[in-house]
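Please look over the sequence and the structure before reading on.

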Amino acid sequence: MKKIFNVCPQFVLATLSQTRIDMFRETGIPFSVEPHDVDEEKIKKTKFCEQKERLATSLAEAKARSVEKKHPNKIIIGSDQILICEDKLLSKPVNLKEAERNLLFLAGRHHYLWSSVVVLNSGSIKLSVQKKAYVYFKNISKKEIRSYIYSNKNTVLSSVGCYKIEENEKYGYIKILFGDEETIKGFPIQKLLKKIKSEKCFTL
């Protein structure tokens, strides 16, 4: 990978997500972080009805474009995830009461997760990836939900589903019907890594 680093400009992750930062750090690829300034809820309200399945991609691109002026000639990576359950779009809860409502709604139901990555370089989209997962959330009681929230405040406030798939071995609330872990985590980066290794798309 050293040769790749010599020919590629620095990668910039346009994110506020610690999960995405940690996932990209695990690749060993040098990068910096630039928090985006996108009003995600405004975009969701505007575009949800007309483009449900592309919404995550629109959000990922908006995040990347919001920071590209600060980092000309660098590779900007934006990513986003949406959750739809019974045609209802759920976002990260703003407080623990909303988290409880969301989990009560998800309990005993199936939901879809769409996760996207968009990569910009010099104003152009060099890569756009969208992946989907279909998940069942176990039908747990209100008492169990409240206990889970009390023990996992940071988790429930930092993810659209109020859960982390990497904690599923402990709780067993989630059954993956199709899709993979990186999609459920909200950062499908394997195709991006393949592109980096190929040295085809990111050499200036």
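At roughly what angle do the axes of H3 and H4 cross?

## Basis of the report

This is a predicted model, in which local features need pLDDT of at least 70 and side-chain atom pairs count only at pLDDT 80 or more, while totals for chains, interfaces and linings use all residues. Residues are numbered from 1 along each chain as its sequence is written, and side-chain values use heavy atoms, with hydrogens and water left out.

## Helices H3 and H4

The axes of H3 and H4 cross at roughly 140 degrees and come within 10 Å. Here axes are lines fitted to C-alpha atoms, for helices over the stretch in contact, and angles run from 0 to 180 degrees between N-to-C directions. Helices (H or I, at least four residues) and strands (E, at least two) are DSSP runs, numbered from the N terminus.

The crossing of H3 and H4 is right-handed; a crossing is right-handed if the near helix is turned clockwise from the far one by less than a right angle, and left-handed if anticlockwise. On the H3 side, Glu40, Ile43, Lys44 and Lys47 take part, and they meet Leu55, Ser58, Leu59, Ala62 and Lys63 of H4. Contact means heavy atoms within 4.5 Å. This contact has four nonpolar, one polar and four charged residues. In these classes, Ala, Val, Leu, Ile, Met, Phe, Trp, Tyr, Cys and Pro count as nonpolar, Asp, Glu, Lys and Arg as charged, and the others, Gly among them, as polar.

## Helices H5 and H6

Helix H5 (residues 96–106) packs against helix H6 (residues 142–151) at an angle of about 135 degrees, and their axes are 10 Å apart. That angle makes H5 oblique to H6; angles under 35 degrees count as roughly parallel, over 145 as roughly antiparallel, 65 to 115 as roughly perpendicular and the rest as oblique. The crossing of H5 and H6 is right-handed.

H5 makes the contact with Leu96, Ala99, Glu100, Leu103 and Leu104, and H6 with Lys142, Ile145, Arg146, Tyr148 and Ile149. By class, seven of these residues are nonpolar, none is polar and three are charged.

## The largest pocket

The largest pocket has a volume of about 710 Å³. On a 1 Å grid over the protein atoms alone, a pocket is an open set of points with protein on both sides within 12 Å along at least five of seven lines, a cavity is a set where a 1.4 Å probe fits but cannot get out, and lining residues have an atom within 4 Å of a point. Grid points are joined across faces, edges and corners, and a volume is the space filled by probe spheres set on the points.

H2 gives the most to the lining of this pocket, with five residues. The lining has ten nonpolar, ten polar and twelve charged residues.

## The cavity

The structure holds one cavity of 30 Å³ or more. About 50 Å³ of space lies in the largest cavity. Its lining includes Tyr148, Tyr163 and Lys164.

Most residues other than glycine have a negative phi. Asparagine 73 has a positive phi of about 70 degrees, and Aspartate 87 has one of about 65 degrees. Asparagine 73 is in the loop between helix H4 (55–67) and E3, whereas Aspartate 87 is in the loop between E3 and strand E4 (88–90).
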